[in-house]
Structures are given as C-alpha cells and as structure tokens.
Amino acid sequence: MGDGLNERSKLSFMDTTGKVYIAITVIVLIGMIVAFWFISRSAPRGTLLIVGIILWVVGQQVSGIADREMRFLGGVCALAGFMGVLLGLFDVFRKKKPARDSVATSRHDSNEPPLIPPGL
C-alpha cells in the first residue's frame, strides 16, 4: 500500500475541485483588473497602490491558516494585491492628462468656428 498523498501527486490530471478553484481564480483576477482600472480612473493617485498593499498584506495573513480553502483565498488575495501594487506604481508615476472641463468643451470645441448668435 502506498501513501495516498504520493499517489495523488502522481496523477497527471487535476480533480474537479482544483479545476473549480482555477476557474474561480481566473474570474476573480479578471474582476480585480477591472476594479483596479476603475480605481485608477476615478480615485486620486496612490489610492490603487494603497489598495494593492492592503490586499497583499491580508492575503499573506490569511494564507498562513492551514485550511485549504483559506490558503486558496489568501493566495488569490495576495496575487490580486501584487497586481494592484504593480498597477498602483504605474498609476503613481505616470503623467495623467488634465481633466477637460465638460461645460467648456460642450459650448465650443477648438476645432470648430464660434457659434453665430441667432438673428444675424
């Protein structure tokens, strides 16, 4: 009789739970990229970096628990935090375009001639 762990590690395919975990991880990470994009666009500089650091620290703390599901949660959280830190660093050091005033641009676009008042 062999050890169950060694026999399981020799299998060339993944069990159903592992496939579900990988699918969940991919979905969560894609969702986090979208969330990071929204944070980068709407929040002040440095916010994404702080969110990424917090996620990474929480992931490191949670993954220390010996339960398989908690390690999974901690790993996903740490990976999302790592991505957030990298994207946050890019966000901090890139030059953002100044926001255009929507009222001023709606009245007159620089490529068009000025409007003629009615009655002339």
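A contact here means heavy atoms within 4.5 Å. The model is predicted, so local features need pLDDT of at least 70 and side-chain atom pairs count only at pLDDT 80 or more, while totals for chains, interfaces and linings use all residues. Residues are numbered from 1 along each chain as its sequence is written, and side-chain values use heavy atoms, with hydrogens and water left out.

**View 1. The protein chain has 5 helices and 0 strands.** Helices (H or I, at least four residues) and strands (E, at least two) are DSSP runs, numbered from the N terminus. Read from that end, the elements follow the order α-α-α-α-α. Among contacts between residues at least 6 apart in sequence, 61% join residues at least 24 apart. Of the 120 residues in the chain, 19% are buried; buried means under 20% relative accessible area, exposed means over 50%, and partly exposed lies in between (1.4 Å probe, protein chains only). The chain exposes about 9500 Å², and carbon and sulfur atoms supply 68% of this area. Accessible areas come from the Shrake-Rupley method with a 1.4 Å probe, and for residues only the protein chains shown count as cover.

View 2. One member to pick out is Leu89, which sits in helix α4 and counts as partly exposed because its relative accessibility is 36%.

**View 3. Asp91 meets both Ser40 and Arg94.** The side chains of Ser40 and Asp91 are joined by a polar contact of 3.2 Å. A polar contact is a pair of N or O atoms within 3.5 Å; within protein, one must be able to donate a hydrogen and the other to accept it, and residues adjacent in sequence count only if both atoms are side-chain atoms. Ser40 belongs to helix α2 (residues 16-42) and is buried, with a relative accessible area of 10%. Asp91 is also buried, at 2%. Asp91 forms a salt bridge with Arg94, whose closest N atom lies 3.4 Å from the closest O atom. Arg94 is partly exposed, at 39% relative accessibility.

**View 4. Arg68 and Glu69 form a salt bridge.** Side chains of opposite charge can pair when their charged atoms come close. The rule asks for a side-chain nitrogen of Lys or Arg within 4 Å of a carboxyl oxygen of Asp or Glu, and the count by this rule is 2 salt bridges. Between Arg68 and Glu69, the closest N and O atoms are 3.8 Å apart. Arg68 is partly exposed at 42% relative accessibility, and Glu69 is partly exposed at 37%.

**View 5. The whole structure holds 2 aromatic pairs.** One of them is the stacked pair of Tyr21 and Phe72, at 4.5 Å centre to centre with 15° between the planes. This pair links distant parts of the chain, with Tyr21 in helix α2 and Phe72 in helix α4, 51 residues apart. Rings of Phe, Tyr and Trp (its six-membered ring) pair if their centres lie within 6.5 Å; planes under 30 degrees apart count as stacked, over 60 as edge-to-face and the rest as tilted. Phe72 counts as partly exposed, at 22% relative accessibility.
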